[in-house]
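Please walk me through this structure in the viewer. Tell me what to select next and what is there.

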Amino acid sequence: MADIIFSKSSGLNDSIYGKAYAPIKMVIEKRAEAFEQESILPKIYNMEKSENFGETITSMSSMSGLNPVVEGGAYPTDGFQESDSKFLEHVTWKDRFTITREMVEDSKILNLKQQPTAFTAAAYRTKEMYGSALLTGGTAAKINFRGTDFDTTTADGLSLFNTAHKSAKVAGSKAQSNLFSDAFSDEILAYAETAMQNFKDDNGNPLGVAPDTIIIPNDAVLKKTVFAAIGADKDPNTANNGFNFQYGRWTVIVNPYWVPAKGSATPYIIMSSTYNTENVGAVWYDRVPLTITADEDKDNDNMIWRGRARFVAGFNDWRAFAMGGASGGTSLKA
């Protein structure tokens, strides 16, 4: 069942709209369920519910670990500190559509289906496009989506994809890059995987990040290149029977809302789904689900359907992601 809350004014029960309400509601729910099943958001974001006006994500630095001591020696004192944090404040989103009295009186079934279908598709498409725009626009500190600026920085205050990630609170933290210029190839995929595996925490300790997902735009050439690199158990670059160690190790997400700028290299994103989940790399907070209200407008006798939701998405730990094929990035082979 689609995650939608419906309500209607009592006047609808006594009007001509009483018979139209249930079928329209069914059309909306059916379209919403289809979008939810096809959504790419749960594959990229940690989907959470919220009961506050905003949420703060805080992480802690690592501890040093065990130390050798002499026989009967005392326990060395270890410790950790609060690392960088990220605050996300919920945003209110609204839309509406109208069913005229004449449509219902004349039983314009096609119109009664088209409008709620288009409304629901637009509402859910907005969420997909918003989530995609945040992720793919993460080379800058903010993006503008439908006239509003949205923050794309992580807890360290830098853009999600950056060449100089460094903790603002942990002394001695060294800069690291997750923004790379290299175009995708089977060789570069190995370099990108290794670079992510070498990501360190704020204290310089290796994290063992295990990338397993490739996110790409709906680009024919890039799709062919990616699936050639990971889709066969033999080495794609040789005529012999060399083993392709990338085979069977990757999940590919084709993002239909990602349209790279023309004339530039085609970008791609490598993600560790495990690290993303365990360390809250990308997070989506739903404060109020899509709430749809139907009532009769007494000024014109039309039926007004209004949709409202509150949600926000953002990033905490950049180490869950790396982008390649991006201008201004460092070279993986340098």
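**Whole chain**

Keep in mind that this is a predicted model. Show the protein chain as a cartoon: seven helices and 13 strands make up its secondary structure. Colour by accessibility next. Of the 334 residues, 44% are buried. Switch to a surface, and the chain exposes about 17,300 Å². Carbon and sulfur atoms supply 51% of that area. Now turn to contacts with a separation of 6 or more: 72% of them join residues 24 or more positions apart.

**Aromatic residues**

Show the side chains of Phe, Tyr and Trp. The structure holds 20 aromatic pairs. Select Y45 and W284 to see one of them, an edge-to-face pair with 5.9 Å centre to centre and 75° between the planes. Y45 sits in the loop between α2 (41-44) and β2 (46-49), while W284 belongs to strand β11 (residues 282-296), so this pair ties together parts 239 residues apart in sequence. Are these two residues buried or exposed? Y45 is buried, at 3% relative accessible area. W284 is buried too, at 0% relative accessibility.

Y130 lies in helix α4 (residues 109-136) and W284 in strand β11, so the pair links parts 154 residues apart in sequence. Y130 has 0% relative accessibility and counts as buried.

Next, pick K127. Which rings does its side chain meet? The charged end of K127 sits over the ring of Y124, 5.9 Å from the centre of that ring.

**A four-stranded sheet**

Hide the side chains. Select β8, β9, β10 and β13. These four strands form an open sheet with mixed pairing, in the order β9-β8-β10-β13. Look at the edges: β9 (251-255) and β13 (321-324) each have a single partner strand, so one side of each has no neighbour in the sheet. Neighbouring strands are turned by 20° against each other on average, direction ignored.

Zoom in on the pairing of β8 (residues 213-217) with β10 (residues 268-271). It is antiparallel and runs over three bridges.

Bring in the helices. Helix α5 (residues 186-197) packs on the sheet and touches β8, β10 and β13. The direction of α5 makes about 45° with that of β10. Helix α6 (residues 220-230) lies across β8, β9 and β10. Against β8, α6 runs at about 160°.

**Two loops with positive phi**

Go to R146, in the loop between β6 (142-145) and β7 (148-151). R146 is not a glycine, yet its phi is positive, near 55°. R146 is exposed, at 55% relative accessibility.

Finish at V280, in the loop between α7 (273-279) and β11. V280 has a positive phi of about 50°, again in a residue that is not a glycine.

Note on methods
Residues numbered from 1 in each chain as written. Predicted model: local features only at pLDDT ≥ 70, side-chain atom pairs only at ≥ 80, totals over all residues. Heavy atoms only, no water. Buried < 20%, exposed > 50% of the residue type's maximum accessible area, 1.4 Å probe, protein only. Contact = heavy atoms within 4.5 Å. Areas by Shrake-Rupley, 256 points an atom, 1.4 Å probe, with all protein chains shown as cover. Phe/Tyr/Trp six-rings, centres within 6.5 Å; stacked < 30°, edge-to-face > 60°. Lys NZ or Arg CZ within 6 Å of the ring centre and 35° of its normal. Pairing = 2+ DSSP bridges. Axes fitted to C-alpha atoms, helices over the stretch in contact; angles between N-to-C directions.
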